[in-house]
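I opened this entry to record what I looked up, keeping to values that can be checked against the coordinates.

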Amino acid sequence: MKYYLTPVLVLLFATGTFCQHAPTSDSVLAWLKSGNTLFVHGEFNLMGIDSSLRIELSKAQHPKAVILTCSDSRVAPELIFDKGLGDLFVIRVAGNISDDAVVGSIEYAVEHLHTSLVVVMGHKNCGAIAAAVADQQKPHEIDNHIRILTDKIEQAVAAVKLNESDASQKALLSNIIFTVSSLDESRPVLSEAVKKGELKIVGAVYDLSSGKVQWLDK
Ligand SMILES: [Zn+2]
């Protein structure tokens with residue numbers, strides 16, 4: 001049964017059947033969690049992604065979740081959550097930082113596509129986090145655009161006392177929490193939607209080796 005559930009839902013959403021009753025953030029979260037369980041167990045579900053679905057989706061999109069995550073080649077949201085075309089509105093930038101372009105993209109998904117869940121997903125062994133931690137511990141010259149990324153991450157982890165043993169883990173979590181709260185407070189669109197209960201913004205950590213997504217409680 002579980003193998004057929006996702007394509008059916010994809011088709012219903014793609015055809016607009018659920019448009020009048022957009023899924024709640026909690027139900028979307030449960031849907032992502034069940035997809036990740038399938039991914040962890042190697043039970044991929046790619047059935048239903050065919051020409052008829054592409055034609056349906058060409059008319060409109062109704063993604064159920066926004067995923068803001070790292071550009072890292074090992075962190076592919078559609079695979080990690082076992083989802084298909086049209087399911088996820090994905091924004092990827094190294095270190096999963098937020099800037100005006102990212103906020104604008106999320107606002108579009110929330111305001112115009114009625115997406116009810118935003119996931120800010122960092123990952124273990126993140127090179128961008130490692131670069132920011134190294135720079136914070138021992139500042140060094142970065143004279144290219146990577147500086148924009150590390151500065152943003154360093155701003156997010158500035159309040160954390162970094163020591164040698166757990167610096168990367170603390171920075172990883174702080175960076176996610178910082179981004180979640182900045183989106184929560186982003187005015188006017190996101191903060192209003194959160195206040196009305198129409199939107200939830202949650203943090204998550206992806207483990208590259210196990211494939212598991214760990215969800216952060218607020
Ligand atoms: Zn990364």
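I am working with a predicted model, in which local features need pLDDT of at least 70 and side-chain atom pairs count only at pLDDT 80 or more, while totals for chains, interfaces and linings use all residues. Residues are numbered from 1 along each chain as its sequence is written, and side-chain values use heavy atoms, with hydrogens and water left out.

Metal site. I looked up the donors (N, O and S atoms within 2.8 Å of the metal, or 3.2 Å for Na, K and Ca; water is not among the atoms, so sites may look incomplete). I found the zinc ion coordinated by Cys70 (SG), His123 (NE2) and Cys126 (SG) at 2.1 to 2.3 Å, with the sequence spacing C-x52-H-x2-C. I then checked burial (buried is under 20% relative accessible area, with a 1.4 Å probe and protein chains only): Cys70 is buried at 5%, His123 at 1% and Cys126 at 6%.

Helices. I took helices as DSSP runs (H or I, at least four residues), numbered from the N terminus. Helix α8 covers residues 167–184 and reaches 25 Å from its first C-alpha to its last, close to the expected 26 Å, where the expected span is 1.5 Å times one less than the number of residues. Its buried residues include Ala171, Ser174 and Asn175.

I also looked up how α7 (residues 146–157) packs on α8, and found an angle of about 90 degrees with the axes 8 Å apart; axes are lines fitted to C-alpha atoms over the stretch in contact, and angles run from 0 to 180 degrees between N-to-C directions. That makes the pair roughly perpendicular (65 to 115 degrees). The contact (heavy atoms within 4.5 Å) is made by Ile153, Gln155, Ala156 and Val157 of α7 and Ala171, Ser174, Asn175 and Phe178 of α8.

Terms used. Buried < 20%, exposed > 50% of the residue type's maximum accessible area, 1.4 Å probe, protein only. Helix = DSSP H or I, 4+ residues; strand = E, 2+ residues; numbered from the N terminus. Parallel < 35°, antiparallel > 145°, perpendicular 65-115°, else oblique.
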